Amino acid sequence: MNNSDIVAELGNIVGDRYVSEEPEIQFLYHYDFITAEPEGKCDIAIMPETAEEVQEIVKIANKYKIPIVPWVSGINFGSIATPRKGGIVVDLRRMNRVLEVNEDDMYAVVEGGITWADFVGYLNKHHPGFRTGVTFSPPGTGVVPSCLAYGMWDLGMIGGTGAEFTNGLEVVLPTGELIRAGSCSLTDYWYGRQPLPDISGLFIGWEGTTGIVTKAAIKIWPKLPYRTDFLPFANRVEDGVPMLLKLSKAGLGIVDLLMTNLGWAQSLQCFDQKSVAIDPVSLGLPDFIGLITTEAYTEEQHEAQCNAIKNICREHNIEPLTADVQTRNFPEQMRGVLGHIFPATGGQLPIQFWGCWNFARGGGGEWIGCYNTTRNIIKYYNLSREICLKYGKSPQYYCRIMFGGHYCVTRTNVNFNKNDPEDIKNTRQILKEIHDAVQQLEGTIMYKPPKWVVQHYKDKTLPETTNLIDKIKRFLDPNNIMNPGQGIGDE
Ligand SMILES: Cc1cc2nc3c(=O)[nH]c(=O)nc-3n(C[C@H](O)[C@H](O)[C@H](O)COP(=O)(O)OP(=O)(O)OC[C@H]3O[C@@H](n4cnc5c(N)ncnc54)[C@H](O)[C@@H]3O)c2cc1C
């Protein structure tokens, strides 16, 4: 069979309009738009509309033993949707519907290709009293991939990762069968993954190598009437982190708790990397920028929460200014886009804002992003900071405290110019050095690991655990067609 015959067969499933092997279409799917990872190869791109169509596509891929890669927008920061071994890229963005919203049990059932813009827009329009958590990624990126890849949302303090926001899944297995995981496997309700064996774990953290999720139930939350975003600054990360950790355990209605260093905040504000200070610390600018979001049901409760937050900040000699006030006071070097938007919105940023980062001319960015013990926050920053400065890059650090302070995310971004091969080479070296350095910190585990990191974890994990992971992958995907060359199950 040549590709054109397979395209014709696939066309019978989705219609000729939604399958292509044209070079300009292949190009769109062959790489991760922003990372420094090597490019892949897309032979055929296809856009199904239903789970049944996905099943038929997977069966054809099995028949011809062709790789098949689930895809929503392919800008996940780890290049984990890049087709490493060619084959069919299944662009799921026609499967972008919200199928049900259950306000009583607070979840929404969505299709596997829904984007943040689709989801947030739908809730705002039809269920304005409820919201989902959102990421900092562009509105056109996928919700379900973020759930499956342990994404971080702006409700992380109350809900944990995107995986923990996921109540249940409908999945097309790599052999074409359709299964359900969670309460939806035996009732019409998608209220949770309890109390049966939790087989959702067969699809979470696997980078699309064990099946294509066609539906997912995602927790939604009520929009509470009172909310304040504090944006406290401190000179050094060492000064601010103890305050964050104390706040995380104080039970003050905090729904989001994070810090960035000044480098990260500048990147988010569309500053060009070359026009900002590589090392703001050397200029005496505040290097710790916190974000504390607290919500409450009544005014009295809110006032009490805010007062307690202010007191904890002041115990650490940090002034707890709110986001709108703080940004009005920004020194010129820190003003950027935030300085205009925060005061206008009273401290809350619109979803359209996220993803407007400036990755420097040429628009490349990648990170070493890890889940971690909260004990490593400062050490991680200092290790990665030193490496960035050694290579003349602005260290861009970000840490989010998760799930009531039970763990955290630590992450250093490196921006680069995609049009400059030397810069890309340099960036790969920096990422490797940061990875090796921070892995020395016990408890540090990278999420959305790009291909070159996966082997590191396979070597480090208990051998029996790695064997089990390999067996599960072989069992689910006997022809090894699902996103081959990616993920922890790759052999
Ligand atoms: C500027 C920027 C900021 C970001 N900020 C954040 C952030 O704050 N928090 C965060 O969590 N992420 C963030 N991201 C990362 C990422 O874009 C988001 O997590 C996003 O929601 C993932 O969607 P995607 O469309 O890029 O996924 P894709 O790249 O299309 O897919 C990611 C992985 O999931 C697999 N996959 C996709 N769909 C399915 C499916 N239906 N079934 C099975 N497997 C599937 C793919 O094969 C791939 O392995 C950011 C990205 C950018 C560019």
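How many residues surround the ligand, and which of them are the closest? In this predicted model, 34 residues surround the ligand, and Ser73, Gly112, Ser137, Gly151 and Gly208 are the closest. By class, the residues of this shell divide into 20 nonpolar, 13 polar and one charged. Three elements, namely strand S3, helix H5 (143–148) and strand S10 (212–219), each supply at least two residues of the shell, and the largest share, four residues, comes from H5.

The position of the ligand can be described in terms of the domains of the chain. The domain assignment gives domain 1 (3–91), domain 2 (98–222) and domain 3 (226–446). Both domain 1 (3–91) and domain 2 (98–222) give residues to the shell around the ligand, which therefore lies between them.

The C-alpha centres of domain 1 and domain 2 lie 22 Å apart, and the contact between these two domains takes 15 residues from domain 1 and 17 residues from domain 2. On the side of domain 1 that touches domain 2, the elements that give two or more residues are helix H3 (51–64) and strand S3 (68–71). Of the elements on that side, H3 gives the most, with six residues. The residues of the side of domain 1 that touches domain 2 divide into ten nonpolar, four polar and one charged.

With regard to the overall fold, the chain has 15 helices and 19 strands. The radius of gyration of the chain is 22 Å, close to the 23 Å that the globule rule gives for 491 residues, so the chain is as compact as a globular protein of that length. Taken along the principal axes, the C-alpha atoms of the chain fill a box of roughly 70 × 55 × 45 Å. Of the 491 residues, 48% count as buried. Among the contacts in the chain with a separation of 6 or more, 72% are accounted for by residues 24 or more positions apart.

Terms used
Residues are numbered from 1 along each chain as its sequence is written. This is a predicted model: local features need pLDDT of at least 70, side-chain atom pairs count only at pLDDT 80 or more; totals for chains, interfaces and linings use all residues. Domain bounds come from an automatic or database domain assignment. Two residues are in contact if their C-beta atoms, placed from the backbone, lie within 7 Å. Ala, Val, Leu, Ile, Met, Phe, Trp, Tyr, Cys and Pro count as nonpolar, Asp, Glu, Lys and Arg as charged, and the others, Gly among them, as polar. The radius of gyration is taken over C-alpha atoms; the globule rule is 2.2 Å times the number of residues to the power 0.38. A residue is buried if 20 or more other C-beta atoms lie within 10 Å of its own, exposed if 12 or fewer, and partly exposed in between; C-beta atoms are placed from the backbone. A residue is near a molecule or strand if its C-beta atom, placed from the backbone, lies within 6 Å of it.
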